[in-house]
Amino acid sequence: MLGFEVQDAVALLRLDDLYLESFQVTDVKILHGDHLSRAIGRVAGQDGKTRFAIENVTRTRIVIADQRIHLLESYANLRVARNAICDLVLGGAPPGKIYNNMRSVAKRMSEHF
């Protein structure tokens with residue numbers, strides 16, 4: 001389903017608190033050509049490191065398929081992951097700053113729950 005692993009798709013069917021969100025990179029910022037490729041590359045990171053970092057910190061599943069990005073997890077975690085991805089696409093902040101912001105938000109979320 002949309003590039004997710006079979007276990008993730010089955011979990012989506014069985015659990016009530018899982019949400020799926022899909023959006024295009026061009027929904028965040030209108031980009032064309034090399035600029036679009038660069039934005040997708042910023043989200044993926046070198047050898048997928050940025051994507052894995054976002055997945056690990058926010059406990060989400062992320063699939064990057066061409067210009068579409070699919071997110072799967074609980075609502076609060078989706079919001080954190082979506083904000084991090086949007087910040088990367090907008091290109092204003094370096095990835096290290098976005099990692100630190102995600103860590104602090106994830107820490108605050110774990111303290112609330």
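**Helix packing, sheet and cores of the predicted model**

The buried residues of helix H1 (residues 6–14) are Asp8, Ala9 and Leu12, where buried denotes under 20% relative accessible area, exposed over 50% and partly exposed the range in between (1.4 Å probe, protein chains only). Because these residues cover an arc of only 100 degrees around the axis, they lie on the same side of H1; the arc is that of the directions from the helix axis to the C-beta atoms. The face turned away from the buried side of H1 carries the exposed residues Val6, Gln7, Leu13 and Arg14. The cover over the buried residues of H1 includes S1, S2 and S3, contact being defined as heavy atoms within 4.5 Å. Helices (H or I, at least four residues) and strands (E, at least two) are DSSP runs, numbered from the N terminus.

The structure is a predicted model, in which local features need pLDDT of at least 70 and side-chain atom pairs count only at pLDDT 80 or more, whereas totals for chains, interfaces and linings use all residues. Residues are numbered from 1 along each chain as its sequence is written, and side-chain values use heavy atoms, with hydrogens and water left out.

Three strands form an open sheet in the order S1-S3-S2, with antiparallel pairing. Strand S1 (19–24) and strand S2 (61–65) stand at the edges with a single partner strand each, so one side of each lacks a neighbour in the sheet. From one strand to the next, the twist averages 15 degrees. Two strands are taken to pair if DSSP finds at least two bridges between them. By this criterion, S1 and S3 pair in the antiparallel sense over six bridges, and the bridge partner of Gln24 in S3 is Arg68. The antiparallel pairing of S2 and S3 extends over five bridges; Ile64 stands opposite Ile69 in S3, and Val63 stands opposite His70 in S3. S2 and S3 form a hairpin with two residues between them, and Asp66 in the turn has a positive phi of about 60 degrees.

Helix H5 lies across S1, S2 and S3 and runs at about 150 degrees to S3. Axes are lines fitted to C-alpha atoms, for helices over the stretch in contact, and angles run from 0 to 180 degrees between N-to-C directions.

The largest nonpolar core has 22 residues, and those with the most contacts inside it are Val25, Ile54, Ile69, Leu71, Ile85 and Val89. A nonpolar core is a set of buried Ala, Val, Leu, Ile, Met, Phe, Trp, Tyr and Cys residues joined through side-chain atoms within 4.5 Å. Two or more residues are given to this core by each of helix H3 (34–44), strand S3 (68–73), helix H5 (75–90) and helix H6 (95–112). H5 gives the most, with seven residues. Apart from this core lies another, of five residues, among them Leu12, Leu18, Val63 and Leu72. Beyond its neighbours within four places in sequence, Leu71 is in contact with residues including Phe4, Tyr19, Phe23, Leu78 and Ile85.

The structure holds one aromatic pair. Tyr19 and Tyr75 form this edge-to-face pair, at 6.3 Å centre to centre and with 80 degrees between the planes. Rings of Phe, Tyr and Trp (its six-membered ring) pair if their centres lie within 6.5 Å, with planes under 30 degrees apart counted as stacked, over 60 as edge-to-face and the rest as tilted. Tyr19 lies in strand S1 and Tyr75 in helix H5, so the pair ties together parts that are 56 residues apart in sequence. Tyr19 is partly exposed, with a relative accessible area of 41%, while Tyr75 counts as exposed at 52% relative accessibility.
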